[in-house]
Amino acid sequence: INKDVLITFPMNGDVAEKVMDKETTKAMGGIIVVDHYVKTPEQLAEDIKRYASTSGGQVILGETGVYIPNIHGTMTESEQAVWLEEALTRLSQDEDLIGINYWVFSDGSTELWNKKTRTEKKIAEVLQSFYKPE
């Protein structure tokens with residue numbers, strides 16, 4: 001169909017650190033995909049830098065989001081928005097990060113959309129501001 005398709009194999013960060021050495025990463029197209037949820041925006045940015053450095057490749061966040069109760073505790077909508085804005089600000093400065101998939105649109109603690117009220121959450125505005133800057 002004359003389209004370039006990238007096939008990736010997402011993994012959690014612990015697995016990526018163990019198996020994605022430079023030789024393996026190169027053989028897989030020079031890209032690693034990590035599903036990664038961590039406590040702080042600083043840790044997220046540091047981890048992405050480390051994955052890129054140790055693998056010699058570029059990184060896609062296959063899944064990330066905030067808040068996960070057993071990692072972050074509970075957060076208000078405003079706290080979620082601040083966390084994500086800080087994380088995306090840090091991540092946007094990393095040339096080795098080439099993609100982000102925010103997880104999940106609805107029906108989860110990280111949701112962007114509240115199905116009951118049919119409204120977007122504050123965190124959706126933050127995400128949109130990075131993808132559609134004014």
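Colleague: What share of the accessible surface of the protein belongs to carbon and sulfur atoms?
Modeller: The model is predicted. The accessible surface of the protein comes to about 8,400 Å². Of this surface, the share of carbon and sulfur atoms is 51%.

Colleague: Which radius of gyration does the protein have, and how does it stand against that of a compact globule?
Modeller: The C-alpha trace spans about 50 × 40 × 30 Å along its principal axes. For 134 residues, a compact globule would have a radius of gyration near 14 Å. The protein agrees with this, as its value is 16 Å.

Colleague: In which order do the helices and strands follow one another along the sequence?
Modeller: The protein has 6 helices and 6 strands. Read along the sequence, they give the pattern β-α-α-β-α-β-α-α-β-β-β-α.

Colleague: Is T110 buried or exposed?
Modeller: T110 is placed in the loop between β4 (97–102) and β5 (113–114). Beyond its neighbours within four places in sequence, T110 is in contact with several residues, including G65, Y67, Q80 and W103. Buried means under 20% relative accessible area. T110 has a relative accessibility of 4%, so T110 counts as buried.

Colleague: Which backbone nitrogen lies 3.0 Å from a polar atom of the side chain of T110?
Modeller: V104 is among the residues in contact with T110. At 3.0 Å from a polar atom of the T110 side chain lies the backbone nitrogen of V104.

Colleague: How are the rings of F105 and W113 arranged?
Modeller: A search of the whole structure finds 1 aromatic pair. The ring centres of F105 and W113 are 6.2 Å apart, and their planes lie at 10°. Planes under 30 degrees apart count as stacked. The pair of F105 and W113 is therefore stacked.

Colleague: What is the phi of D107, and what is the phi of N2?
Modeller: Most residues other than glycine have a negative phi. D107, in the loop between β4 and β5, is exposed with a relative accessible area of 58%. N2, in the segment before β1 (11–12), is exposed at 83%. Neither is a glycine, yet phi is positive, at about 70° for D107 and about 60° for N2.

Key
Residues are numbered from 1 along each chain as its sequence is written. This is a predicted model: local features need pLDDT of at least 70, side-chain atom pairs count only at pLDDT 80 or more; totals for chains, interfaces and linings use all residues. Side-chain values use heavy atoms; hydrogens and water are left out. Helices (H or I, at least four residues) and strands (E, at least two) are DSSP runs, numbered from the N terminus. Buried means under 20% relative accessible area, exposed over 50%, partly exposed in between (1.4 Å probe, protein chains only). A polar contact is a pair of N or O atoms within 3.5 Å; within protein, one must be able to donate a hydrogen and the other to accept it, and residues adjacent in sequence count only if both atoms are side-chain atoms. Contact means heavy atoms within 4.5 Å. Rings of Phe, Tyr and Trp (its six-membered ring) pair if their centres lie within 6.5 Å; planes under 30 degrees apart count as stacked, over 60 as edge-to-face and the rest as tilted. The radius of gyration is taken over C-alpha atoms; the globule rule is 2.2 Å times the number of residues to the power 0.38. Accessible areas come from the Shrake-Rupley method with a 1.4 Å probe; for residues, only the protein chains shown count as cover.
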